[in-house]
Amino acid sequence: MTPERWLLTGGAGYIGAHIADEFICNDKSVVIIDSLYQGLESRITFLRAKHGLEIPFIKCDIRDYNEIESLIREYKIDGIIHTAALKAVGESMEKPDEYFQVNLEATNELIEIAKRNGVKKFIFSSTAAVYGSPDTMDPCKEDGPKAPISPYGDSKYQAESKVTAFINTPGNHGTSLRFFNVVGTAAPELLDNSVENLVPIVLGKLNKGQAPEIFGTDYPTADGTCVRDYVDVRDIARAHLAAADATTPLPPAMNIGTGRGASVREIIDLVLQATNKTQTEVIKSPRRAGDPAFLCADVALAKSAMGFTSKYSLEESIRSLF
Ligand SMILES: O=c1ccn([C@@H]2O[C@H](COP(=O)(O)OP(=O)(O)O[C@H]3O[C@H](CO)[C@@H](O)[C@H](O)[C@H]3O)[C@@H](O)[C@H]2O)c(=O)[nH]1
C-alpha cells in the first residue's frame, strides 16, 4: 500500500520537525514546507540522515498560495499538518496585522486549497493561549471559556473555527490541537532555537553565569510562582500521529498537555539539577503583564477521543536537553 502523504507546514520548526520525525518513524511520507523565518534547514538535513530518506523540502512562505497549491497537486497530498505560524506572544502585540495574516488568513486559504484539491485531512496547531488568562486554579477544559488576550492567541482561536467547519464536512477528518508549554527534544539537532520561553531562557542565563529571573513571586500558588503544564515535544508529535490515525471522528479541538502543573521555581530547580549547577541566586522581578497564575490542561478529552496520554515526565524532558 502507498504510504499516506502529509504536507507539513512549518516542518523545519522545532515542533514541526519532531512531527516529521514521528510520522516517518510510523511509515508516513512527509513533504515539508517552511519559510525558514524561524525554522532551520539543518533540522531537515538531520532528519534526512537519520532516516536515510530524501525528504522533500521546499522553502516557501505560507502566504505563497500558488506555490502551495502546485505542491499539493504535484505530491498528491492526503493530509495537512499545519504548524507554520508566528508564535511570539509579545511580538504579536506589536505586529497584530502580521499575526492575523500569517496565523488566520493563511490558515483559511490553506483550507480552501485543501478543499479544491480533495485533501480530506487537516490537523491544526493551536495553543493554550486561546484560554487567555483565566483567574481560576482549575485545569482548562476545551469547552470552557476562551478569552485570548494577545493577537497571537486570538488569531489561533479564530483560525480554529475554519478548521472546525472543514472537519465537519462529511468525509473530512482532523482537529485543532491546543499545545500547552512545549519542552524537551528528541535530539540535539532538533532543539528549540527560540529565546522566548522559560526553559531556553534559564539555560541561556546559566550558561552565561547569570541568575535566572522569576516574573512574579506573589502568585496564589504553592511557592508563589506561576504554574504551567509543560509537555514534551515528543508527546506533541505523538498526539499528531494519534489524531492522524484516529478512525473515529475527533472533537474540533483538544488540549495537548500532561495534566500536571510545574511552577517557575520548580523548573529552575530542575534545570539546575540537570546542569549540575549549584547556583541558587535568582532575580525576583515583578509579574509579567498578562501571565495567569495557573494554566494547565484538562487532558481527559484527548484520552477518550484518541487514546492519547503524555508519556514523558518533566524530568525526562529537561534531561533530554543535555
Ligand atoms: O525568564 C523568564 C521567562 C518566563 N518566566 C515565567 O515562566 C512562565 C512560562 O513562560 P513562557 O515560557 O514565556 O510561556 P507562556 O507565557 O506560558 O506561553 C507559552 O505557552 C503558551 C501555552 O501555554 C503558548 O501559547 C505560548 O506560545 C508559549 O510562549 C510564565 O509564568 C513566565 O512569567 C519567568 O519567570 N522568567
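This is a predicted model: local features need pLDDT of at least 70, side-chain atom pairs count only at pLDDT 80 or more; totals for chains, interfaces and linings use all residues.

First thing I asked myself: is R228 buried or exposed? I looked it up, and R228 is buried, with a relative accessible area of 11%.

**Entry: the R228 pair**

I followed R228 to its partner. Its side chain meets that of D291 in a salt bridge, at 3.7 Å from N to O. R228 sits in strand β9 (residues 227–228), while D291 is in the loop between β13 (283–285) and β14 (294–295), so this pair ties together parts that are 63 residues apart in sequence. I checked D291 too: its relative accessibility is 17%, and it counts as buried because the cut-off is under 20%.

**Entry: the ligand**

D291 turned up again when I listed what surrounds the ligand. I get 23 residues around the ligand, and the closest are T127, N181, E213, R288 and D291. Then I looked for polar side-chain atoms facing ligand oxygens. T127 has one 2.4 Å from an oxygen atom of the ligand. For N181 I noted 2.7 Å from a polar side-chain atom to a ligand oxygen atom. R288 also places a polar side-chain atom 2.7 Å from an oxygen atom of the ligand. How much of the ligand does the protein bury? Taken alone, the ligand exposes 690 Å², and the protein buries 90% of that.

I wanted to know which elements build the shell. Those giving two or more residues to the shell are α7 (198–207) and β8 (213–215). β8 gives the most, with three residues. By residue type, I wrote down 14 nonpolar, three polar and six charged in the shell around the ligand.

**Entry: other salt bridges**

Back to charges. Side chains of opposite charge can pair when their charged atoms come close. How many salt bridges does the structure hold? The count is 19.

I picked out E112 and K162, whose side chains meet in a salt bridge at 2.8 Å, N to O. E112 is in helix α5 (residues 96–116) and K162 in helix α6 (residues 151–167), so the pair ties together parts that are 50 residues apart in sequence. As for cover, E112 is partly exposed, with a relative accessible area of 26%. K162 is partly exposed as well, at 24%.

R178 forms a salt bridge with E160, and the closest N and O atoms are 2.7 Å apart. R178 is in strand β6 (residues 173–179) and E160 in helix α6, so I logged this as a link between distant parts of the chain, 18 residues apart. I also checked the cover here: R178 is buried, with a relative accessible area of 3%. E160 counts as buried too, at 5% relative accessibility.

**Entry: the annotated span**

Last, I checked the record. UniProt, in an unreviewed entry, lists residues 6–257 for "domain: NAD-dependent epimerase/dehydratase". In the model, that span is 40% helix and 18% strand. I also noted the distance between its end C-alpha atoms, which is 24 Å.

**To revisit**

Notes:
Residues are numbered from 1 along each chain as its sequence is written. Side-chain values use heavy atoms; hydrogens and water are left out. UniProt positions are given in the numbering used here, feature names are shortened, and annotations may be inferred rather than shown by experiment. Helices (H or I, at least four residues) and strands (E, at least two) are DSSP runs, numbered from the N terminus. A residue is near a molecule or strand if one of its heavy atoms lies within 4 Å of it. A polar contact is a pair of N or O atoms within 3.5 Å; within protein, one must be able to donate a hydrogen and the other to accept it, and residues adjacent in sequence count only if both atoms are side-chain atoms. Accessible areas come from the Shrake-Rupley method with a 1.4 Å probe; for residues, only the protein chains shown count as cover. Ala, Val, Leu, Ile, Met, Phe, Trp, Tyr, Cys and Pro count as nonpolar, Asp, Glu, Lys and Arg as charged, and the others, Gly among them, as polar. A salt bridge is a side-chain nitrogen of Lys or Arg within 4 Å of a carboxyl oxygen of Asp or Glu. Buried means under 20% relative accessible area, exposed over 50%, partly exposed in between (1.4 Å probe, protein chains only).
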